[in-house]
Amino acid sequence: MRTMPQQHKPRPEGLILFALGLGAMIVSMMQTLVVPILGTIGHRLHASSTDVSWVLTANLLAAAVLTPLLGRLGDQLGKKKVLVASMIVLVAGSLLAATTSSLGLLITARALQGVGTAIFPLAIGIARDEIRPAKLPGAMALISATLSVGGGVGLVATGLLIQGDNPDYHRVFWLATALAALALVAVVALVPAGTRAKVASRVDWLGAATLGATLVALLLPLSQGNSWGWTSARTLGLFAASVVLAGLWVLVERRVAAPLVDLRMFARRQVAMTNIAALLFGFAMFGMFIGASTMVQIPHALAGYGFGATVLRAAVEYLLPSSLVSVLAAPLGGLLVRRIGAKAVLALGTVTGVVGFSSFALWHEKSWQVIAAVMISGVAISLGYAAMPALIVAAVPVEQTGIANGLNSIARTVGSSVASAVVTTLLTSRLVVHKPFPPLPAESGFTLTFWLCAGACALAALVTLIGVRGNTHSEPPHVVALNDVEALPELAGAGRKI
């Protein structure tokens, strides 16, 4: 039976949704805003590219390790309580990054920012508690779609702030601090406390530790493989260790009384297939960000392609239109989830992605072609992200909402990590030399990148058709309280038990 929130003074659902969506968008910004300034950070801190890459890696690892644990703690201890704590850490990490000129402290700050990634599954859980069932699919879709909006906005904001002959990367983190603080205030003021689900109070620390070790062993070589060498003993050893640790984690979760992750969750075809789709969409999104922002900065006179754009021009002219379209696509995705169902919206997103990325691979000689392709691809990712929470929530009990969406978030993170490794390898393995200038990536590397993104969307379409059930409009068939009058027609139409 659906757990109903405790009695409290009702707050407008629109304000709750605003606060949760703002938090999710800012977390997504944190993941991408450093991508264009890694070179600037290395120059200002006199660090090698290998050392600076940890600014990305630390955030990735912290997010992957802590997201499932914090999602589970939210299910157990209270979602708002854990959400506020995560956002406080996010603000602290952003403030440290804005005030330090030490690479070690900056890496620490980025790890603290990674804690904020847990905001997304917690926000989905709070929406499930506080939004009326008739409005819930659209609300979850809107929160999820802000992830694609935030990723693009992060790149654009960095481009606007980093300009001039002596750019200061600290400005980017000051912006991050201000936005994180704003989101924290919004959550504290607008999100009700609700109630915690009645699940086991004991935390599965052993399961959390083995899952965290598995993710570190997997993601660390993915993020550092280009520096270490893909066939080095360190890289291959960590990949092998991730397989062994995954097996150990499964054994732990099968033996403990209250596991961090109920493994039966993965036996649900819809959960497994939606996570695969999330991984593929994460690959496509990060592939687009890296490929597009890099390609437009290539000087045409030297490489025979590209537009010689500055970081600022690349952000404003080529990426900002995609972010603006994503802002419009986010509420549209929520509306479509309510009207035609989450499976149809996910399928629409995958087909749109195939069109967008294929056009990118075929036509990128003119600026308008690149802008159009990025906009279409951005809409595709927004639609895909809009559909996934509804599919996950429809397949799991209410007490597993946080952990289920946390694992879906990890799937996107893994996809983004794979994209970063694959795209970087492609662009550095195919070089064009024009002495005395530094080598530049060959055009074929970008073309193959965009074809791979189109292929990821095509695979996601196949996964959607095979593994996701139709007519997914709302929550699984739990009993709904009789005062949820607005929910009755829609739930009845979807075959719900009233």
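The largest nonpolar core of this predicted model holds 145 residues. Within that core, L20, I143 and M295 have the most contacts. For M295, leaving aside residues up to four places away in sequence, the partners are Y305, G306, F307, F360, H364, V370, F446 and F450.

The chain as a whole has 498 residues, and 58% of them count as buried. Its secondary structure consists of 20 helices and two strands. Among contacts with a separation of 6 or more, 80% are between residues 24 or more positions apart.

Two helix pairs show how the helices meet. Two packed helices are described by the angle between their axes and the distance between the axes. On the α1 side the contact is made by L15, I16, F18, A19, L22, G23, I26, M29 and M30, and on the α9 side by A176, L179, A180, L182, A183, A186, V187 and L190. By class, the residues of this contact of α1 with α9 are 16 nonpolar, one polar and no charged.

The other pair is helix α17, residues 367-393, and helix α18, residues 401-429, with axes that come within 10 Å and cross at roughly 140°. That angle makes α17 oblique to α18. The crossing of α17 with α18 is right-handed. From α17, the residues Y385, M388, P389, I392 and V393 meet T401, A404, N405, N408 and R412 of α18. The contact of α17 with α18 divides into six nonpolar, three polar and one charged residues.

V345 sits in helix α16, which covers residues 342-362. Is V345 buried or exposed? Its relative accessible area is 0%, and under 20% counts as buried, so V345 is buried. Not counting residues up to four places away in sequence, V345 touches G333, L336, V337, I340, L383 and A387. Of these partners, L383 and A387 lie in the range of α17, residues 367-393. V345 and A380 are 35 residues apart in sequence, while their C-alpha atoms are 9.6 Å apart in space.

Notes: Residues numbered from 1 in each chain as written. Predicted model: local features only at pLDDT ≥ 70, side-chain atom pairs only at ≥ 80, totals over all residues. Heavy atoms only, no water. Core = buried A, V, L, I, M, F, W, Y, C linked by side-chain atoms within 4.5 Å. Buried < 20%, exposed > 50% of the residue type's maximum accessible area, 1.4 Å probe, protein only. Contact = heavy atoms within 4.5 Å. Helix = DSSP H or I, 4+ residues; strand = E, 2+ residues; numbered from the N terminus. Nonpolar A, V, L, I, M, F, W, Y, C, P; charged D, E, K, R; others polar. Axes fitted to C-alpha atoms, helices over the stretch in contact; angles between N-to-C directions. Parallel < 35°, antiparallel > 145°, perpendicular 65-115°, else oblique. Left-handed = near helix turned anticlockwise from the far one by under 90°.
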